[in-house]
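Hi,

Here is the structure I promised to pass on to you. Please open it next to this email, and then read on for what I found in it.

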Amino acid sequence: MNPAEPAKNASHDGAPAPDILIVDDDPGMIRALGKALRDLGHLRFSTNGADALRLINDSPPDLLLLDAQMPGLNGFEVLETLKASPALADLPVIMVTSLTDDGFEQAGLEKGAADFIAKPVRPAIVQARVRTQLRLKQANDVLRQSSVTDRQNLAVALRDLQQSHRELLRTADELRVANESLLQFVRIASHDLREPLNTIAQFVGLVEEDHGPVLPEEARHFLRLATRAGARMRTLLDDVVRYARLQNAEGDPPAAIALDRTMAELRDALAARLAATGARLDLTPLPVVTGHASLLSLLFQNLLSNALKFVPPGRVPHVRIDAHMHGDWVLVRVADNGIGIDPRHIDRLFQPFQRLHLRSEFEGSGLGLTISRQIAEAHGGSIEVDSVPGEGSVFTVRLPLGAGR
């Protein structure tokens with residue numbers, strides 16, 4: 001084989017043949033190595049270190065067989081030059097040497113050699129070691145390509161994340177504008193809408209008071225309907241305002257709230273209804289929780305009002321309120337003996353403006369339980385219900401315990 005002519009081969013699977021560069025100043029050794037490796041790849045040859053570096057820089061091979069002892073630039077100097085170059089540092093190099101001293105081989109490995117072949121060479125050993133290094137090179141190339149792909153995928157994911165972030169910011173701006181509009185509606189509802197509603201209610205009341213006795217029964221009936229409609233409108237307006245304020249997280253910082261005091265105040269506020277219905281209200285000792293007094297009062301007022309309202313005709317309301325500790329939380333249960341709730345309708349129970357009964361049967365805005373859930377969740381808690389139709393319901397409110405528990 002002429003050292004100046006490369007041997008050209010292709011792999012059996014049709015893939016490009018590995019490029020192997022053999023560097024040795026002994027033409028006989030070049031022929032021996034070329035003969036042993038001619039079936040393993042595309043062979044190139046060089047007889048000195050300087051020429052080898054030129055060939056490598058022009059077109060890096062897949063594997064380099066390098067004579068350790070050559071005149072001029074020897075193999076170890078070539079090896080050091082390669083390992084100092086970031087572009088060539090991963091090139092696998094098999095040193096070919098007639099020296100068998102362990103210290104010599106150790107020094108070569110420390111400089112970055114992948115393996116050693118001792119002279120005189122044995123074709124089977126040469127082929128085995130070259131095949132091993134080519135397989136390792138192929139595996140490293142696959143791994144490196146995977147890393148490149150991973151970096152590309154990461155770059156794409158980062159761009160997508162940045163785009164999502166921009167869209168999120170845009171959505172946040174739109175929500176902020178929507179919330180400002182909602183707050184504006186709350187202000188209007190609290191003042192401008194309430195004023196004409198109060199005026200209507202007052203004049204209807206004056207007509208009924210001053211002229212009711214001389215009006216026909218049908219006219220008095222219409223006035224009563226107008227009065228009830230005004231009361232429903234006022235209740236709906238109040239609930240919508242409360243709901244809007246909860247949605248916008250308006251309120252003071254949380255504080256320690258004694259539930260015993262809250263329930264006592266609610267019992268006084270509902271005294272007229274309790275007396276009118278003959279209801280029985282049982283209160284057990286309740287703990288201190290962390291929250292907002294006005295919101296928690298509204299939550300339990302809604303639950304108590306429902307417990308007194310949704311009762312079958314002829315049944316005396318009976319409501320029991322108790323509490324159970326659960327770690328840093330308290331579960332406050334409001335149990336009644338009312339009409340109960342069909343399990344199929346429980347999912348609708350906390351949805352805004354969802355009614356399970358006709359207004360002619362039970363008054364209400366359809367927002368009470370929605371507001372109650374919003375209040376519980378604003379405190380980091382929750383509200384759940386268990387019910388048996390015809391027998392009653394148990395609403396369980398989960399709230400964080402306060403420091404004065």
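Of the contacts in the protein with a separation of 6 or more, 66% are between residues 24 or more positions apart; contact here means heavy atoms within 4.5 Å. This is a predicted model, in which local features need pLDDT of at least 70, side-chain atom pairs count only at pLDDT 80 or more, and totals for chains, interfaces and linings use all residues. Residues are numbered from 1 along each chain as its sequence is written, and side-chain values use heavy atoms, with hydrogens and water left out.

The protein has twelve helices and twelve strands. These are DSSP runs numbered from the N terminus: helices are H or I with at least four residues, and strands are E with at least two. Of its 405 residues, 36% count as buried, that is, under 20% relative accessible area with a 1.4 Å probe, protein chains only.

Now to two pairs of helices. Two packed helices are described by the angle between their axes and the distance between the axes. Axes are lines fitted to C-alpha atoms, for helices over the stretch in contact, and angles run from 0 to 180 degrees between N-to-C directions.

Helix 2 (residues 49-58) and helix 3 (residues 75-83) have axes that come within 10 Å and cross at roughly 25 degrees. That makes helix 2 roughly parallel to helix 3 (angles under 35 degrees count as roughly parallel, over 145 as roughly antiparallel, 65 to 115 as roughly perpendicular and the rest as oblique). On the helix 2 side the contact is made by G49, L53 and I56, and on the helix 3 side by V78, T81 and L82.

Helix 8 (residues 259-269) packs against helix 10 (residues 293-309) at about 50 degrees, with the axes 10 Å apart. Helix 8 is therefore oblique to helix 10. Here L259, T262, M263 and L266 of helix 8 meet S297, F300, Q301 and L304 of helix 10.

Is D24 buried or exposed? D24 counts as buried because its relative accessibility is 0%. Its side chain reaches the backbone nitrogen of D26 at 2.8 Å, and a polar contact of 3.2 Å joins the side chains of D24 and K119. A polar contact is a pair of N or O atoms within 3.5 Å; within protein, one must be able to donate a hydrogen and the other to accept it, and residues adjacent in sequence count only if both atoms are side-chain atoms.

Happy exploring!

Key. Buried means under 20% relative accessible area, exposed over 50%, partly exposed in between (1.4 Å probe, protein chains only).
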